[in-house]
Structure formats: C-alpha cells, structure tokens
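Please look over the sequence and the model, then read the points by topic.

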Amino acid sequence: MIAPLHWEDEGLVLIDQTRLPGEEVWIRCTKPAEVAEAIARLAVRGAPAIGVAAAYGLALAEPAEFDAAADLLAASRPTAANLRWAVEQVRAAGPEGALAAAQRIEEQERDATRRIAEHGAALFGADEKVLTHCNTGALATTGCGTALGVIEAAWRNGAVAKVWVDETRPLNQGSRLTAWELEHAGIPFQVVTDSSAGSLMSRGLVDRVIVGADRIAANGDVANKIGTYPLAVLASHHGIPFVVAAPSSTIDPDTPTGADIPIEERDPSEVSPYGHPAANYAFDVTPAALVTALVTEEGVRHA
C-alpha cells in the first residue's frame, strides 16, 4: 500500500498520479496555490485524499492570506464533499491550529477506511466475482481505500475470486491506478472496457458491484465518477447488489438531493483529442433507490 501524500519539512509531498503506473514521481508543494493546482489537474485525486491534501494546503498559507487560500482550495474541484468539509475544518482552527487540524483529518480518514473495509467485507459471501469502477484504493485515500479497501479485506477472507476493473474513461483511473494497486496486492483481476459491464452481468460473471463516492446527498443519492449510474441501472436489472463505500465525510447534509450536486466539467480535449466538440462530465449521480447498501466507518446502511 502506497500513501499518496505526506507532510515533510514544512511542505506537502504528493505522488503525481497522472504519471502512474509508468513512473513514480513525487511533487513537493510549499504554497496553497501549488496544492490547488495539483488537485485540479488530478495529480492527487480521490475524494478523501483531496480533502486531506487541501487541509495541508491551507496549513501552508500565510496568516494574512489564510481565508483567500481556503477559498482557492475549496474551489479547486467542485463535486467532492470531502474537499470543502476538510477546508472548513482547518479554517475553523485558524492559522495557528491549521497543521494540527490537517493532521487530525488525515488520521481520521485513515481510521475511517480501516473500519469501512471491515464492515464492507462482512457483506461478501464466498469466491465472489466483483466489479468496480474508477480508483478507490490507497491512492484515493490516506488509508487502505474505500471500495477497493473493502475488496482487499474480503479477498483476504477468501470471499473474492476475481475483480473486474472498469478502465474508467476518459482518464483510465481503473486501468492505470486500480489495476496497479490490485497487482501490487496480488489480487486476481482483469481490466474491461466500461461498456462491458452489461455483457458480464448477463453471463453471470458478476456477483457484486462496489464503488466509492465523491458526494452523497442527504437523501442518499450518490455522485461518483462518470459511468457509475449506468452500472447501478444494470446491476438493478440483473438483481446484483450495488454497494457504495465512503467515509461519513463524503455525506453532505447541506445537499438535499443528487440534483443539487454540482457536476464538474473538465477540458473537452480529455475526451476529444482531435478537437471535435465534446462534453466532458467528470461525474454522474446514482439515485438512492439503486444503492443496495452504503458502507461507512459507522457501519452498513441498507436501501
């Protein structure tokens, strides 16, 4: 398990996830703007991890620039609830208490993933074939991961036979990052195109779908990486459990429903390198009615 970030010598050190798996490059940030830029370009990504990164980013701010730095970091990506939650926690601590607050958030999120893994693994039967989307492992958190942490814990219990890894377009966080983490853990897997899920399910090759989340509305609607909603619809059609694993910091009580979640739109060139008109939505929203179970550090909530 590799930690995606750490505090070192009054600076935040991040692994550049845009360079994985080809090369392991570390970035040192000493200013809030550098952390905000790393978050925006996905050098650090995953809702819990960007929350922790932003918390440390605010700890780098000069006292006179503290509030402005908080606003900059909170706006670096709009969809993930953990980001603003973490920034506001550190803002409330003030410049003098910022570093200690960021360290508490990191430890809290690490502990949350450990408990999520334990609760989620208890849902599995034996030798299940599991499908997951995007990347939800250690790289996306400061601990063992959310959905991928659950999968690894279940695998260690003998409950997972194989993992189907959606490539996760357009940035291939599944085929680049999830596959890399599963390979390091020694868990059997195969990468598939995002559009393969329905075929796999219809052939009885998927027993469970488990994903993470970037924001969960008060009514239980879930925003996650684009392509999650179709998986939930397919799982419902085929009678397959669709499980969401996320820390409670991802639940946003101030967002009533999924319709109120801001959906990030990224550079069209990520989808259309030839310059054709394109819409590049980074997330979609899965209605709560399609979620079989929500796993947090506090336990399992069923539909």
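Pro170 sits in the loop between strand S5 (160-166) and helix H6 (173-185). A cis peptide bond, with omega about 0 degrees, joins Arg169 and Pro170. Helices (H or I, at least four residues) and strands (E, at least two) are DSSP runs, numbered from the N terminus. This is a predicted model: local features need pLDDT of at least 70, side-chain atom pairs count only at pLDDT 80 or more, and totals for chains, interfaces and linings use all residues. Residues are numbered from 1 along each chain as its sequence is written, and side-chain values use heavy atoms, with hydrogens and water left out.

**Backbone points**

- The peptide bond from Leu20 to Pro21 is also cis, with omega near 0 degrees.
- Pro21 is placed in the loop between S2 and S3.
- Glu10 is not a glycine, yet has a positive phi of about 60 degrees.
- The loop between S1 and S2 holds Glu10.
- Is Glu10 buried or exposed? Glu10 counts as exposed, at 58% relative accessibility (buried means under 20% relative accessible area, exposed over 50%, partly exposed in between; 1.4 Å probe, protein chains only).
- Asp127, a residue other than glycine, has a positive phi near 50 degrees.
- Asp127 lies in the loop between H4 and strand S4 (128-132).

**Three-stranded sheet**

- Three strands form an open sheet in the order S1-S2-S3, with antiparallel pairing (two strands pair if DSSP finds at least two bridges between them).
- Strand S1 (5-8) and strand S3 (26-29) stand at the edges with a single partner strand each, so one side of each has no neighbour in the sheet.
- On average, neighbouring strands of this sheet are turned by 25 degrees against each other, direction ignored (axes are lines fitted to C-alpha atoms, for helices over the stretch in contact, and angles run from 0 to 180 degrees between N-to-C directions).
- Four bridges link S1 and strand S2 (residues 11-15) in the antiparallel sense.
- Leu5 stands opposite Leu14 in S2.

**Largest cavity**

- On a 1 Å grid over the protein atoms alone, a cavity is a set of points where a 1.4 Å probe fits but cannot get out; a pocket is an open set with protein on both sides within 12 Å along at least five of seven lines; lining residues have an atom within 4 Å of a point.
- Grid points are joined across faces, edges and corners, and a volume is the space filled by probe spheres set on the points.
- The count comes to one cavity of 30 Å³ or more.
- The largest cavity has a volume of about 190 Å³.
- It is lined by 20 residues, and Arg45, Gly46, Ala47, Asn135 and Asp214 are the closest to its centre.
- Helix H2 (47-59) and strand S9 (222-225) each supply at least two residues of this lining.
- The lining of the largest cavity divides into eight nonpolar, eight polar and four charged residues (Ala, Val, Leu, Ile, Met, Phe, Trp, Tyr, Cys and Pro count as nonpolar, Asp, Glu, Lys and Arg as charged, and the others, Gly among them, as polar).

**Second largest pocket**

- The second largest pocket holds about 160 Å³ of space.
- Its lining residues include Trp85, Glu88, Arg215 and Asp252.
- Helix H4 (81-121) and strand S11 (251-252) are the elements that give two or more residues to this lining.
- H4 provides the largest share, four residues.
- By class, the lining of the second largest pocket has five nonpolar, one polar and five charged residues.
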